[in-house]
Amino acid sequence: MSTRGKRSQTLYASFSFFVFFVIVPYRPFLHASYTVEMEKLLKLRDSLSIGRDFSSNWFNLESPCNWSGITCVGQAVQAIDLSYTPLHSSIPSCMGEFRHLKALNLSGCGLSGQVPDSFGDLQALQSLDLSRNQLSGALPSSLANLKMLKELVLDANSFSGGLGIIVEHLKGLTKLSISGNSFSGSIPLDIGSLQNLEYLDLSMNDFSGTLPSSLENLSRLLHLDVSRNRLSGSIFPGIGSLGDLLTLDLSSNSFTGSLPSTIGRLTRLDSLWLGPNGFTGSVPVEIGKMKQLKVFSLHSCKLTGTVPKEVSELRNLIDLDISENNFEGELPRSLGNLVNLMYLVAVDAGLSGYLPEQLGSCKNLKILDLSFNSFSGPLPASLAGLESITTFIVEGNHLEGPIPPWISNWKMVTSIRLGKNQFSGPLPPLDLPFLTSFSADANQLSGEIPSKICDCRSLSSLSLSENKLTGSIEETFKGCSHLTDLILLGNNLHGEIPDYLGELPLELSQNNFSGRVPDQLWRSPTILEMSLSNNLLAGCIRIAIGNISNLERLQLDHNFFQGSIPKSIGKLRNLTNLSLHGNRLSGEIPPELFSCTNLVALDLGSNNLTGSIPEAISQLNLLDDLVLSNNQLSGHIPGEICAGFQQAAYPDSEFTQHYGVLDLSYNNLTGQIPAAIKNCAVLKELRLQGNMLGGSIPAELAELTNLTFLDFSFNSLSGPIPVLLSPLQSLQGLLLSNNQLGGLIPSELSLMLPSLVKLNLSSNRLTGPIPVTIFDIKTLADVDISSNSLSGSVPFSGSIARGISSLLIFNASNNYLNGTMSESVSNLTSLAVLDLHNNSLTGSLPSSLSKLDYLTYLDLSNNGFLGDIPCDVCSIVGLSFVNFSGNKLYRYAQEECASANRCVAQLVPYSPPTRPPTGDLIWGVALGAAVGLLALVFLLLKWKAMRQQSLDLVSTDKANLAAVEPASSDELLGKKMKEPLSINVATFQHALLRLTPSDIMKATENFSKARIEAEVFDPCLPPAGGGPLREQMIRVLAVARACTADEPWKRPTMLEVVKTLNEIKMEACGDLVARHV
């Protein structure tokens, strides 16, 4: 605009203000004919704050009836329409002075505050629209005076209260639309008295109660929408009386009961939305009478039965959604008659069988989504004729066979999702010009990725993870110019990663890629994500990594990277997730790393890092997950480590996931656990096991109210177990074994830890009795208090035992417990493992032991029990190990029990067999049983654990005992990782992964006979013998068998394995073993 133009505009504005402030007060001299109505308009203009972006012609004093939005009849103002005028003020009370006003529209004006009482004076008003503002509060009672009102539109505000005023007084309403407010209470029964109502929209409010049956009186109603409220109860049968209804929306409430068959009388209905709700029963067959229906949604209605074939009679149907129900059987073949159908969605609908070939007749189908059902068989060839299809989704079924090449007929398709099925064979060429997204994850596809994959010129996302694809990708994706997302994890691809992928977010984990990461990837300024974990990549992490300036997620875990972590990594200021776990990195943690202040998850575990934990870690204020386990870090734990655990985690994003894990286990850390650990406010899992930490357990742990798992085992902690001032309500796992803790087990334990599932206090210096209150913890499933100096009786009596039916494992072996064993032990109905060996228990064995139906491991050896062994104990199905030896038990209760050869005991008198075993037999059985089998056991456990999924700390039943320990923190970012030494294989699904095949070979000197003889049996084996030797070998086999149990909770702990083997040697050899050792 020219300078002259700007000056003219300024002069005009100045003149306008002059007219308003100077001339207007003397308007009687200028225009004597102004009426009262005109005075009101000028007053309205004054109250609406001139100077806002207001229409300039409102400054025209000649004829206010010509102002924008003003309609006059004669000199009377009859309509004011200021819709979407940015007033941003409250409604002026003078608005109520227009007594002749028939229509008022103030929608979208940015109005706030409440509706003024003066609106009650607009008694001629027929239409009022205040929608899309920020108005609030209850409607004024003065609105009852608007007897002429026909249309009331209040959508998208914050009005509250009830509808009593409207229903009782505004009987002439034809349209009532109050969607998107905060009206509450029940819908008044008198709403049926608004017999002129044609349009009723009560959606997106807070109405509760039932849908009043008086609605059936609204015979003129065309539109009824009560969606997104809290309505409940059943749908009244009289709904079929609304014969003129065109649209009906009952979705997103809590309606129950069956759908009334009378709904079929709504023959003029165009659109019907019924879910989500909580209906029961099946879809009424009368639904087929609604011939005009175009949109039909049963989404998440919890309906059962089959999809009625009568649906196929709705020939005008365009959109059909039957997702998230509990249907059974097949999709009706007659759906092929719906030739106008464009959208068919049946996600998680409970359907099964083959896909009907007749679907190929729905030529207008654009979206077909049948995901997460139980469909089987191949894709029917008739689907090749769906030439209008744009989205095809069948993931999460049991479909099989090859991916048919005829999908190239779908020239309009943009998205194909075939994941989580059983498709096999090679991936066909995809000559689809508009295809942007293709996924076939978790199938059985094999062969190489076709070189013509890039003929799909629009392809931007390709996901083929978890298949059996092979070959190299060095040339495969060179022509995919629009590719932005490539996911190939979990295949058998090999070769080097090509340079040209440097601009893509890579997900190539769990393959066999080898060599070095190409230089182009280290220099890409645009890449957001690089996931190369679980491959065979080697070399150093290049200094050039600092150039990937936009990188948000970097996963290089479980490869063979070596060397130090480059200081340039500190330049990645957008990095939120970093995992370098399970490589061969060495050197110290560079302080520059902590310049990545957006880090939320950091995993450097299982490397060879040395030095101390830098205090600069205090810069990571967003850190919520830190894993530094299985390194050689030394020094003390800095109090600053909790700088990033002090704030609540913000919602997860695509690259950011929060776990609340601090894992410093298996390092060389010393000093005390800092009291500042209390500042880790959002901490859920604290793992410090396997260090050299000393001092006492800080009482400040009571402030970690979100803690679910704590492991301080295998340290040098001393002092008593602290009595916490406030309970840790969420703690489910407490492991303090193998320390030097002393004193009593706190009797307040049940109050301190009310949700505890696993407790391990073994191998400490605890004294005193086992507190009976420990069994007040109703969730307790696993207790190990072995190898202490505990005394007194085992508290399995009366009401105490009845209160711990959740208990699965109890180990109090190697203590000084005395007294008898109560018959009430049978109340431990879920008990699977009971170990009380090496105590001073006396009396007879309770016969009720045989009632422990889930018992798999029983060791009562080396006590002072007397009398008979209850025979039925050995008849418990699933019992894999029993040991009564070292007691004064002279016979089985019944002779036939002894013949079962299932119980291990010292039988008196003892008679050796007539044929002693030869030396070769002794050596062969000992070697095969004690070494070969156990070695295979350890290898098997390692193989299993490397494939175990993470399990949450939730379940306490027998089938899910493996879930008692939280998933390994090494599974940061959702990837499988090596797990450190497990304390209890019987409870946790982790194995001795530090025990490798090379460890076994080294320990046995390549299975040297001399070494085996020295370490296992031969130092004490007699040159000839029989019964005892056979018994000891059978016990070794029993240990091996127990270790291979499918359910981890059935397996003995590794400590128990070692102890049992030592006991076997001691029992067979006595002093000879001691002299040999």
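Colleague: How many bridges join strand 27 to strand 29, and do they run parallel or antiparallel?

Modeller: First, the general idea: helices (H or I, at least four residues) and strands (E, at least two) are DSSP runs, numbered from the N terminus. Two strands pair if DSSP finds at least two bridges between them. Here, strand 27 (residues 422-425) and strand 29 (residues 444-448) are parallel and joined by two bridges. Within this pairing, G425 stands opposite L445 of strand 29.

Colleague: Which residue is the bridge partner of S446 in strand 31?

Modeller: That partner is K468. Strand 31 (residues 468-470) pairs with strand 29 over three bridges, in the parallel sense.

Colleague: What should I know about the model itself?

Modeller: It is a predicted model, where local features need pLDDT of at least 70 and side-chain atom pairs count only at pLDDT 80 or more, while totals for chains, interfaces and linings use all residues. Residues are numbered from 1 along each chain as its sequence is written, and side-chain values use heavy atoms, leaving out hydrogens and water.

Colleague: What pLDDT does the chain average?

Modeller: pLDDT is the predictor's confidence in each residue, from 0 to 100. The chain averages 80, and 76% of the residues score at least 70. Over residues 1-33, pLDDT stays under 50; for this stretch the model has 16 contacts (heavy atoms within 4.5 Å) beyond four places in sequence.

Colleague: How many aromatic pairs does a search of the whole structure find?

Modeller: Rings of Phe, Tyr and Trp (its six-membered ring) pair if their centres lie within 6.5 Å; planes under 30 degrees apart count as stacked, over 60 as edge-to-face and the rest as tilted. The search finds five pairs. One of them is F392 with W410, tilted, at 4.8 Å centre to centre and 55 degrees between the planes. F392 lies in strand 24 (residues 391-393) and W410 in the loop between strand 25 (398-402) and strand 26 (415-417), so the pair ties together parts 18 residues apart in sequence.

Colleague: Is F392 buried or exposed?

Modeller: Buried means under 20% relative accessible area, exposed over 50%, partly exposed in between (1.4 Å probe, protein chains only). F392 counts as buried because its relative accessibility is 1%. W410 is buried too, at 0%. Ring pairs also link F392, W406 and W410 into a cluster.

Colleague: Where does the charged end of K175 sit?

Modeller: A charge sits over a ring if NZ of Lys or CZ of Arg is within 6 Å of the ring centre and within 35 degrees of the ring normal. The charged end of K175 sits over the ring of Y199, 5.0 Å from its centre.
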